[in-house]
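Colleague: Please show me the model, and then let me ask what stands behind the terms you use for it.

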Amino acid sequence: MHFFKYHRNELFAEDVSVKALAEKYSTPLYIYSYNTLLRHFRAYDQAFNNYQHIICFAIKANPNISILRLFAKQGGGADVVSGGELYKALKAGISPRKIVFAGVGKTDEEIRFALITNILMFNAESEDELREINRVAYLMKKKAPVALRINPDIDPETHPYIATGLKKHKFGIPIEDALEHYRIASRLENIKVVGIHKHIGSQITKIAPFVDALKSILILMDKLRSEGLRIKYLDIGGGLGISYKDEEPPIPKDLAKNLLPLLRGRDLTLILEPGRSIAGNAGILVTKVLYVKKGKEKEFVIVDAGMNDLIRPSLYGAYHHILPVVKKQRNTAIYDIVGPICESGDYFAKDRELKEVKQGEFLAVMGVGAYGFSMSSNYNCRPKAAEVMVKNNEHFLIKDRETYKDLIRGEKVPAFLK
Ligand SMILES: *Cc1c(COP(=O)(O)O)cnc(C)c1O
């Protein structure tokens, strides 16, 4: 469910005309719906209402500070995977006691930063990392709260690039080695074992992988308890999918209905790390048609957004609905919708049926609130897009469009080239 709808053939973000925003702020333009973000956050919060929980939004899905602030005001936490994300979470006012830190390659500096700020816990992914966290904590005379990220070897049945919980993946500690790693961790002086973590992948559209993964984790947890290791935080990661095309993924309520019975009688704090399912369909990318070009075999719509603005189609072959911002009574045509970047992989849709479009008209790429702007780059020296948040009939610029000057910030020419 989201709040991008047509009124009299014109696309609206909540109660604001998308065309008016595109004209005011120019394109490419990211537009987010406040009420959609809020609704999705609350859907999680309410679904898990009966169980002690923290909803740690996965910042990598959308790190705009206004969006993080929105969740902070709802009592949300953050799942961070870098020092930069930790910095932004803190800047947005997210309580450090609600921040968890995952990632296979945490540096000393990042570990130190997290220890200084007293985050809730590290989700450690290897023995080397455990020893490194222990060493840094020792130097700081601290005890680092740690959960181990366990790889339960469950197939989430999603795109191979966004599956993370199989044996062949770099993430987490193989479940057969988990016990041994917990023993090692519990012997390290400057580590306090507090939790268990898993995250098996993204854009998961079935309940079964979540249930299966949780069951294996709970078996492990019982073994740990029999060794006297008490786990306080159970972090089940994110990964719930959204409907990009015709998927019918479960909603947070379905997840709660299937998972919470398994936790009955266990005194835990549950941590969830949703990213895509909260932000995904709360954002659109508005782009202008520059040219319509008839090739020998195909007809191309060349738009002013490129793979630097939204890389999901190029990277994963991802499908996104593309809608006209103003609907017209016209014949349909079959187009490849492509960007201006000098790469053949720079496309948003192939062989897509659309009502004929004309130069100067706007199109909206739907479902880009997660892994959209956050994966954007300056490739081809293209300044990054502006971002706007809409709330009812108001709108707010939440990130300026980059300028050419931004493109050379920090670059220096050595004396011998002057
Ligand atoms: C990416 C990621 C998430 C969020 O995944 P979504 O599919 O966007 O919900 C959560 N936890 C970890 C550790 C991640 O790497």
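**Cavities and the domain interface**

Modeller: Searching the whole structure gives two cavities of 30 Å³ or more. The model is predicted, so local features need pLDDT of at least 70 and side-chain atom pairs count only at pLDDT 80 or more, while totals for chains, interfaces and linings use all residues. Residues are numbered from 1 along each chain as its sequence is written, and side-chain values use heavy atoms, without hydrogens and water.

Colleague: What makes the largest one a cavity?

Modeller: On a 1 Å grid over the protein atoms alone, a cavity is a set of points where a 1.4 Å probe fits but cannot get out, and lining residues have an atom within 4 Å of a point. The largest cavity holds about 40 Å³ of space, and its lining residues include Y44, F210 and E273.

Colleague: Which residues line the second largest cavity?

Modeller: M221, R225, L229, R230, I231 and L268 do, around about 30 Å³ of space.

Colleague: How do you know how much area domain 1 and domain 2 bury between them?

Modeller: Buried area is the accessible area (1.4 Å probe) that two parts lose on being put together, summed over both. For domain 1 and domain 2 that comes to about 760 Å², with 62% from carbon and sulfur atoms. On the domain 1 side, Y316, Y319 and H321 lose the most area to domain 2, together 55% of what that side buries.

Conventions
1 Å grid on protein atoms, 1.4 Å probe; cavity = no way out; pocket = protein on both sides within 12 Å on 5 of 7 lines; lining within 4 Å. Points joined across faces, edges and corners; volume = space filled by probe spheres on them.
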